[in-house]
Amino acid sequence: MSSLGIDIGGANLKIAAEDDSEIIYFPMWKKAKELQKVLTQISERYSAERVGVVTTAELSDVFSSKHEGINFIVKACKKAFKEVYFMTTTGKVVSEIDDPLKLAASNWVASVSFLMSEGYRNFLFVDMGSTTVDVIPVTSTIEAGKSDFERLKRKELLYFGLLRTPVFYLIREFNSTPLCPEYFAITADAFLVTGDISELDYTCETPDGKGRSRKECMRRLARTLCCDTEELGESSIENLAELVKKEIVKRLKETIYEKITRMNLESVLACGIGEKLIETACSDIEVSCVKLSAKYGEFSKLFPAYSMFRLVEHI
């Protein structure tokens, strides 16, 4: 029987199969009504009958509550696939749901559960995606909080990512000038200018609805200072982009160092589309970093989906 792993996020659908994977930009706040149809198309495209699902999309503001969001997602999955399993925040793979909130923000649990089944222990799991970073300490057991709220308090969930974070959230001023708290530019703009991503990697919507070229990214970054590109100058915009990168690496370093030293963990296991930034942060603080892409290839970019695929493969 053909199986799939799917991570249903607020902005992306991530799919992992035996020899294939894909990330589909799917803004839940706009397209929730299309979820069942898209999942059915995925089922047909991959000829999949069994699927393992994790989700964080219940937090999307299209839903009035997490409870409503989970029920909506579970219903869509059960209509699209013949056999569906879900990961709970307690680490159980189930086919029937007694408490919808046990499924909320469960994607990181799949990743860590799979890694533990592979024999890994005493590590800090760090997964940087388009929007957030999961920072999960593991000894002989999972040490993280069980909800987004708990993990935010404990700095096990960092709310910034490689693509979708507004620039003004990360840096408040540039050359003694405050940035405007407007949705002018996002981290994807900065990382395209720094050369860390390509136009093809810029998979989310742009703040102004326009293109993803270097020129257009620079224009958006200049707007954060109420400037046009010519007014601010390309070299200053490049410096601004580098400052955004530097701030993200700084925040990663601080959190990783605190978790590793306080819990005496051996190494960081890094994955996600921001894997290279995690590696940079670890190098700066001389912490051992294992890039999961070295073993799992492109599946590292959607590791929760791949983990669910592996966990349900032989059920």
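Which residue forms a salt bridge with Glu118? Hold that thought for a moment, I'll come to it after some housekeeping.

What we have here is a predicted model, so local features need pLDDT of at least 70 and side-chain atom pairs count only at pLDDT 80 or more, while totals for chains, interfaces and linings use all residues. Residues are numbered from 1 along each chain as its sequence is written, and side-chain values use heavy atoms, with hydrogens and water left out.

Okay, back to Glu118. The partner is Lys295, and the closest N and O atoms are 3.5 Å apart. By salt bridge I mean a side-chain nitrogen of Lys or Arg within 4 Å of a carboxyl oxygen of Asp or Glu. This pair links distant parts of the chain, 177 residues apart: Lys295 sits in helix H12, and Glu118 in the loop between helix H4 (107-117) and S7. When I say helix or strand, those are DSSP runs numbered from the N terminus, H or I with at least four residues for helices and E with at least two for strands.

How covered are the two ends? Lys295 is exposed, with a relative accessible area of 52%, and Glu118 is partly exposed at 31%. The cut-offs are these: buried is under 20% relative accessible area, exposed is over 50%, and partly exposed is in between, with a 1.4 Å probe and protein chains only.

A search of the whole structure finds 25 salt bridges, and I'll show you two others. Take Asp134 and Arg151, where the closest N and O atoms are 2.8 Å apart. Asp134 is in strand S8 (residues 133-138) and Arg151 in helix H5 (residues 148-153), 17 residues apart. Both ends are covered here: Asp134 counts as buried at 7%, and Arg151 is buried at 2%.

Then there's Lys253 with Asp284, the closest N and O atoms being 3.6 Å apart. That one runs from helix H10 to helix H11, 31 residues apart in the chain. Lys253 is partly exposed, with a relative accessible area of 25%, and so is Asp284, at 46%. And salt bridges that share partners join Glu118, Lys295, Arg310 and Glu313 into one network.

Which residues of H11 are buried? They are Glu275, Leu277, Ile278, Ala281 and Cys282. Seen down the axis of H11, they fall within an arc of 160 degrees, so they line one face of the helix; the arc is that of the directions from the helix axis to the C-beta atoms. On the other side, Lys276 and Ser283 are exposed. The cover over that buried face includes strand S7 (123-128), helix H10 (234-263), strand S12 (267-271) and H12. After H11 comes Glu286, and its phi is positive, near 55 degrees.

Glu275 also turns up in the surroundings of Ser300, which touches Ala270, Cys271, Gly272, Glu275, Leu292 and Ser293, not counting residues up to four places away in sequence. Contact here means heavy atoms within 4.5 Å. Ser300 itself is in the loop between helix H12 (293-296) and helix H13 (303-312), and it is buried, with a relative accessible area of 2%.

H13 is mostly covered, with eight of its 10 residues buried. Among them are Phe303, Tyr306, Met308 and Phe309.

Now over to H3, residues 66-80. This helix has 15 residues and reaches 21 Å from its first C-alpha to its last, close to the 21 Å expected at 1.5 Å a residue; the expected span is 1.5 Å times one less than the number of residues. Buried or exposed, which residues of H3 are which? Gly69, Ile70, Ile73, Val74, Ala76, Cys77 and Ala80 are buried. They cover an arc of only 165 degrees around the axis, which puts them on the same side of H3. On the other side, Lys75 and Lys79 are exposed. The buried residues pack against strand S1 (3-8), helix H2 (35-46), strand S4 (50-55) and strand S5 (83-87).

Last stop is Tyr159. You'll find this residue in the loop between strand S9 (157-158) and helix H6 (167-170), partly exposed, with a relative accessible area of 42%.
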